[in-house]
Amino acid sequence: MSALSLLSQRTVLSDADIKRLVKSENADDRAVATHKICRVMERSEMSEGDRDAAQEIIRMLSQDAAELVRRALAVTLRTSDLLPHDVAMKLAQDVTTVAVPVLTHSPLFTDQDLREIIRSGGPTRQIAISKRETLSEAVTTTLAETGVEEAVVIACANDNARFSDGGMNRVMDRFGTSEVVHSVLINRRQLPVSVSERLVHIVSVALREQLITRHAIKPETAVELVKATQERATLDMADQTGANMDPKGLAQHLMSTNRLTASLMLRALARGHMGFFEHALAELSGVPHERTWLMVHDAGSLGLRAVYDRAGLPGRMFQTFRIAVDTYHGLTAEAGHLDPVRFQERLIERFLTQVPFAPREDLVYLYERLDRDSKGRRWNKVQEAAGPGMTISPKVAA
């Protein structure tokens, strides 16, 4: 007894549909019959024997000479586990109208299957795979290494496509100048800190070129402006990531790119990023973080001075850092209940009122942070700033 006859007895397959499928010379008729039969099989409760018979029919349909029939098969069973793995692989190598539905939706492909197809299947198949609902790190890494830009952009725009740090950095290696790639990466829920920093650096380079070419600014002046912009962007990123921030990773990345400066550390500390400050000191000094923590928090002023000097930070700025640490400790004890935005505003305000001997550009920067909260809303000033002794109201402007 044929597979079709067996299934017709146990399902609601009609004799007319079976005859159309087997005997019709019209591809449209066979495609319609294929769709109906596959839908019935996919929805039916089957024994193991029935399932084997159904898969025999599916293999037969996958060999039909008419593209329309094979497409009907691929579209109807694109999300079904009834489709045999060998048929799924066969359809994936078919013409694009047949391959795309299964590559985009079928749960039957292993990560290794998808990686091999990405490497050898060409742009259309890469794009189809990039549109899958979820993608593993192994698959996205292969996309990052060999995929066309459109496929990589689609995958990066999907937060359910998981990227390893290495994979995401490979995207930056290949498409780091693409504004479309910049946009989708910036809008991902999470980014490795190294990628965030690379994006900041790219934007900064663009700003430097614009300043030099369009405004006749000396290159050395532009470099200083870019450096300030980059530090601001780095700290804004730290504010926005909040509890998800990786202070150790950020410190290590800045250290590896020679951007772990005293100015950035002071600004971060004054904005309440104590964890980053600790890890930055640990990176610069070579002292393990656990010991650095003790020297900053529990060893008195001599401990902080020792690890500060070992980090090679400017001696003239130590008193400013000392005040910042003490201010953080005092406010944490008094107002640890404040939300992060209010805590940061209060911390900067109290730090500034102690008239630390910080570089002027750092003080100006912190004044600007008081002028606007982390969401860009403007704070009301009680009086205009005439110098470091200014006071600022935490009330939000209407």
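In helix 4, Ile-58, Leu-61 and Ser-62 meet Val-69, Arg-70 and Leu-73 of helix 5, where contact denotes heavy atoms within 4.5 Å. Four nonpolar residues, one polar residue and one charged residue make up the contact of helix 4 with helix 5; Ala, Val, Leu, Ile, Met, Phe, Trp, Tyr, Cys and Pro are counted as nonpolar, Asp, Glu, Lys and Arg as charged, and the others, Gly among them, as polar. The structure is a predicted model, in which local features need pLDDT of at least 70 and side-chain atom pairs count only at pLDDT 80 or more, while totals for chains, interfaces and linings use all residues. Residues are numbered from 1 along each chain as its sequence is written, and side-chain values use heavy atoms, with hydrogens and water left out.

Helix 4 (residues 48–62) packs against helix 5 at an angle of about 140°, the two axes being 9 Å apart. Helix 4 is therefore oblique to helix 5, given that angles under 35 degrees count as roughly parallel, over 145 as roughly antiparallel, 65 to 115 as roughly perpendicular and the rest as oblique. Axes are lines fitted to C-alpha atoms, for helices over the stretch in contact, and angles run from 0 to 180 degrees between N-to-C directions. Helices are DSSP runs (H or I, at least four residues), numbered from the N terminus.

Helix 5 (residues 67–76) also packs with helix 3 (residues 27–43), with an angle of about 20° and axes 8 Å apart. Helix 3 is thus roughly parallel to helix 5, and the crossing of this pair is right-handed. A crossing is termed right-handed if the near helix is turned clockwise from the far one by less than a right angle, and left-handed if anticlockwise. On the side of helix 3, the contact involves Ala-27, Asp-28, Arg-30, Ala-31, Thr-34, His-35, Cys-38 and Arg-39, which meet Leu-68, Val-69, Ala-72, Leu-73 and Thr-76 of helix 5. By class, these are seven nonpolar, three polar and three charged residues.

A further pair is formed by helix 10 (residues 137–146) and helix 12 (residues 165–175), whose axes come within 8 Å and cross at roughly 15°. This angle makes helix 10 roughly parallel to helix 12, and the crossing is left-handed. Thr-141, Leu-143, Ala-144, Glu-145 and Thr-146 of helix 10 contact Gly-167, Arg-170, Val-171 and Arg-174 of helix 12. Three nonpolar, three polar and three charged residues take part.

Burial is defined as under 20% relative accessible area, with exposed over 50% and partly exposed in between (1.4 Å probe, protein chains only). Buried residues of helix 10 are Val-139, Thr-140, Thr-142, Leu-143 and Ala-144, and their cover includes helices 8, 9, 11 and 12. Helix 9 (residues 123–130) is mostly covered, with six of its eight residues buried. The cover of these buried residues includes helix 6 (85–92), helix 7 (96–105), helix 8 (111–120), helix 10 and helix 11 (149–156).

His-182 lies in helix 13 (residues 179–186) and is buried, at 15% relative accessible area. A polar atom of the His-182 side chain is 2.5 Å from the backbone oxygen of Gly-176. Beyond neighbours within four places in sequence, His-182 contacts Gly-176, Thr-177, Leu-199 and Ile-202. Ile-202, in helix 14 (residues 193–215), is partly exposed at 27% relative accessibility. With the same exclusion of neighbours within four places, Ile-202 contacts Met-172, Gly-176 and His-182. The C-alpha atoms of Ile-202 and Gly-176 are separated by 8.0 Å, although 26 residues apart along the chain.

Methods. Helices (H or I, at least four residues) and strands (E, at least two) are DSSP runs, numbered from the N terminus. A polar contact is a pair of N or O atoms within 3.5 Å; within protein, one must be able to donate a hydrogen and the other to accept it, and residues adjacent in sequence count only if both atoms are side-chain atoms.
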